[in-house]
Amino acid sequence: MNRFRPWTKNLNSKFKSTTSKIQSSLSSSSSSSSSSSSSSSSSSSSSSSSSSSSSTSLSSASSSSSSSSSSSLSSTSSSSKAQDPSTSASFLPNAPPLLASSQKIDRKNKTYNKFPSTNDAPLDVYSIIQNRLLISFLSKTKCELCEKQWDGSVQMNKREGLFVILSFQCSYCKNIIVLNSSPQVPGSKQHDINIRTQIAGHLTGIRHAGLKRISAALNIPPPIEEGRHNKKDRHLLESIKLCATDSMRNAIKQAVSTAKSSDLTVSGDGTWQTRGFASKHGAAALIANGPSPKVVDIDTFSKTCNVCAGASSLLQIGTSESRSKYDQIIKNHQCGKNFDQSSGNMEAVCTLRMFERSETKYGVRYLKYVGDGDAKTFSLLLKKKPYKGVKIEKIEDINHFGKRLKRALKTVKSQCGGMKLSDGKTIGGKGRLTGNVKEET
Ligand SMILES: [Zn+2]
Ligand SMILES: [Zn+2]
């Protein structure tokens, strides 16, 4: 377990907070919450307690001496070799110097103790362990019931996606110990590992099909069945949205404190689902300027709605019944279509909308805009004036400026062609404007 500590620190800072936030929002938004006394922000403690509960299940059948579950796991192995550095007498003046291995253990324990909460950081990490090795690990311990050297078999009692319940039976006394491979998200019936896997599928863009291949290659159980996976996506999306909103609010707070003002400098950019200005979907984001730029607002635009498109088939039936059904669907649905201009205007309109809502949403104004060279966006901001009586200042982004400069020079070169300039030479040639400008972006 010690081995994981250096990178768990990174892992914690980057992903743990995000995923645990998603978890906590999942648990709080879950309707099936039964006895989740742990509310909102206690995600880290809840996940740590649940991780320890999963390891208690290793020793659950005994319930005799194990006060802390993880110690019961490590006690048998650590007693043989690694002496506990806290009990070591090496800190005494005349004590012999520590052996290399004890020094290592000591050092790692110190790193471990740096974590604010003693037992959540490394214990939240997953280890992919081959079952054969689990058996060989158990065979180094003694059976909790008959106290013989453990010898037995493993069986999978339950599987749900990557979550498994394994049972280990002692061949002498038939005592069974059970191991849950992942904790349950508090207030939900879902297991932590399956939620993480689903998020991973979206973050990497490989989705369910890709996750299945990864599982096959790693020889681990496949993710939850596709239908259920898709169903859970909706729930997950809501939780991720909450998490994103939270993150953007924090980003605004940071930007305001860095700028020491509620008038901020932001940069913006847009993207389309498909190239060529005919995309049905687009998105744009604003990023606060500063030493650690973070996304402060996002918006998406869609020129189609799946529900509207699906319902239109009812109109083709032509009966009054189908017509009224169509009207009902259209009336009750939350339409996904929110844009009917040309796709080329998406970025500009999207950006303007985020500017217009900045005061009501966050109480800030974006007074300086680092443009990406999309002239439409800035001219729309100038025209519509999202902040009364204040002109937004444009700051040119050097990358896009360079790109535009290059394009302009190329145009000049092609226009001049072989024409002789005032010095009697053409525009091209050695030491003059060549066509070999390296494209960086
Ligand atoms: Zn036994
Ligand atoms: Zn619609």
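Author: A pocket is found on a 1 Å grid over the protein atoms alone, as an open set of points where a 1.4 Å probe fits, with protein on both sides within 12 Å along at least five of seven lines; lining residues have an atom within 4 Å of a point. Grid points are joined across faces, edges and corners, and a volume is the space filled by probe spheres set on the points. This is a predicted model, where local features need pLDDT of at least 70 and side-chain atom pairs count only at pLDDT 80 or more, while totals for chains, interfaces and linings use all residues. Residues are numbered from 1 along each chain, ligands are numbered from 1 in the order written, and side-chain values use heavy atoms without hydrogens or water.

Reader: How much space lies in the second largest pocket?

Author: Its lining counts 21 residues, with L237, K241, A283, I298 and T300 nearest the centre. The space comes to about 1200 Å³.

Reader: Is C305 buried or exposed?

Author: Buried means under 20% relative accessible area, exposed over 50% and partly exposed in between (1.4 Å probe, protein chains only). C335, at 39%, is partly exposed. With 8% relative accessibility, C305 is buried.
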